[in-house]
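My notebook is open and the viewer is running. I'm going to write down what I look up, one entry at a time.

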Amino acid sequence: MKLSIAIVFVAMVVWIAANSVQASEPQTQVKVLVAYHSVTGNTEKMAQGVVDGVKSTPETVVLLKRVQDVSAEDLFSCDAVVVGSPVYWSNMTGEVKTFFDNWQLKFGVFPQFKMRDKVGAAFATGGQVAGGKEITILSILAAMLGNQMIVVSGGGAFGASATTEGDSPGVDGKELEAARDLGKRVAEVAWIVKKGK
Ligand SMILES: Cc1cc2nc3c(=O)[nH]c(=O)nc-3n(C[C@H](O)[C@H](O)[C@H](O)COP(=O)(O)O)c2cc1C
């Protein structure tokens with residue numbers, strides 16, 4: 001008799017604990033992956049700005065990773081992906097291109113279109129004012145479009161960018177603000193898409 005009372009008591013405690021955890025967790029969260037390549041730190045600084053922008057939107061989880069460290073779980077569990085690249089010879093770097101190639105070669109996105117309906121956006125840093133930042137951003141967005149993602153801009157006509165050489169002091173305050181705007185916009189659109197599903 002005492003044993004059965006003890007079992008009922010333990011079961012009640014477990015049930016109450018499980019339900020109180022559920023109640024304290026947010027109903028839904030938007031998860032944004034910010035993936036970037038950076039050798040001298042400029043694109044990394046912009047990535048941090050994007051992260052800050054995402055965090056300014058409530059109920060968001062953000063994951064900041066270098067492109068080579070992104071796992072299949074990171075990619076497929078997120079609602080949105082923001083990819084950043086330095087401009088190398090007027091385009092994304094080899095590391096960022098390899099990242100996209102690995103979506104299929106390592107993670108097998110096709111034929112199911114596993115990235116479909118996730119929100120996508122891009123940012124870039126380049127040494128020169130007119131050295132290929134917009135082409136770099138558009139190339140990243142093209143890879144996302146090929147995956148049937150929902151591509152958005154923010155911080156600039158195509159995404160956020162920074163000029164980092166010559167007279168420029170690396171990433172300046174306005175460029176960092178553009179990165180934040182992009183992160184905020186991505187989180188907002190990811191919410192709209194998630195609620196609409
Ligand atoms: C191999 C190489 C090629 C580059 N090509 C360009 C280019 O075509 N246009 C440009 O504006 N900047 C170019 N840059 C400059 C970088 O894009 C710029 O310094 C960038 O901010 C570096 O980013 P990071 O600090 O995140 O590594 C090149 C740099 C390297 C190393």
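**Entry 1: Glu177**

Does Glu177 count as buried, partly exposed or exposed? I found 15 C-beta neighbours inside 10 Å, so Glu177 counts as partly exposed. My cut-offs: a residue is buried with 20 or more other C-beta atoms within 10 Å of its own, exposed with 12 or fewer, and partly exposed in between, the C-beta atoms being placed from the backbone. Glu177 sits in helix α6. I also checked Glu177 against Met46: they are 131 residues apart in sequence, yet 9.1 Å apart in space, C-alpha to C-alpha.

**Entry 2: ground rules**

Before going on, I noted that this is a predicted model, where local features need pLDDT of at least 70, side-chain atom pairs count only at pLDDT 80 or more, and totals for chains, interfaces and linings use all residues. Residues are numbered from 1 along each chain as its sequence is written.

**Entry 3: the whole chain**

I counted 6 helices and 6 strands in the protein chain. Here helices (H or I, at least four residues) and strands (E, at least two) are DSSP runs, numbered from the N terminus. Reading from the N terminus, I get the order α-β-α-β-α-β-α-β-α-β-β-α. The chain has 197 residues, and 42% of them count as buried.

Next I looked at contacts, meaning two residues whose C-beta atoms, placed from the backbone, lie within 7 Å. Taking contacts between residues at least 6 apart in sequence, 79% join residues at least 24 apart.

I looked up pLDDT, the predictor's confidence in each residue, from 0 to 100. Its mean over the protein chain is 91, and 86% of the residues reach 70 or more. Where is confidence lowest, and where is it highest? It is lowest in helix α1 (residues 2-24), at a mean of 54, and highest in strand β3 (residues 80-86), at 99. Over residues 18-26, pLDDT stays under 50, and the model has 1 contact beyond four places in sequence for them.

**Entry 4: α2 against α6**

I went back to the helix of Glu177. The axes of helix α2 (residues 42-55) and helix α6 (residues 173-196) come within 6 Å and cross at roughly 45 degrees. For this, axes are lines fitted to C-alpha atoms, for helices over the stretch in contact, and angles run from 0 to 180 degrees between N-to-C directions. α2 and α6 are therefore oblique to each other. The scale is: under 35 degrees roughly parallel, over 145 roughly antiparallel, 65 to 115 roughly perpendicular, and the rest oblique.

Which residues meet there? On the α2 side I listed Met46, Gly49, Val50, Val51, Asp52, Gly53 and Val54; on the α6 side, Leu176, Ala179, Arg180, Asp181, Leu182, Gly183, Lys184, Val186 and Ala187. The residues of this contact divide into 9 nonpolar, 3 polar and 4 charged. In this sorting Ala, Val, Leu, Ile, Met, Phe, Trp, Tyr, Cys and Pro count as nonpolar, Asp, Glu, Lys and Arg as charged, and the others, Gly among them, as polar.

**Entry 5: Val186**

Val186 lies in helix α6 too. With 31 C-beta neighbours inside 10 Å, Val186 counts as buried. Not counting residues up to four places away in sequence, Val186 touches Val32, Val54, Ala80, Val82, Val119, Ala121, Val152 and Gly154. Val186 and Val81 are 105 residues apart in sequence and 8.5 Å apart in space, C-alpha to C-alpha.

**Entry 6: some loops**

Gln29 is in the loop between α1 and β1 (30-36). Gln29 is partly exposed, with 14 other C-beta atoms within 10 Å. Leaving aside neighbours within four places in sequence, Gln29 is in contact with Glu59, Thr60 and Val61.

So I looked at Glu59, in the loop between α2 and β2 (60-66), which is exposed, with 11 other C-beta atoms within 10 Å. Its phi is near 60 degrees, a positive value in a residue other than glycine.

Ser90, in the loop between β3 and α4, has a positive phi as well, near 65 degrees. Among the contacts of Gly131 I found Ser90; Gly131 itself is in the loop between β4 and α5 (133-146).

Last one: a cis peptide bond joins Phe110 and Pro111, with omega about 5 degrees. Pro111 lies in the loop between α4 (94-105) and β4 (119-126).
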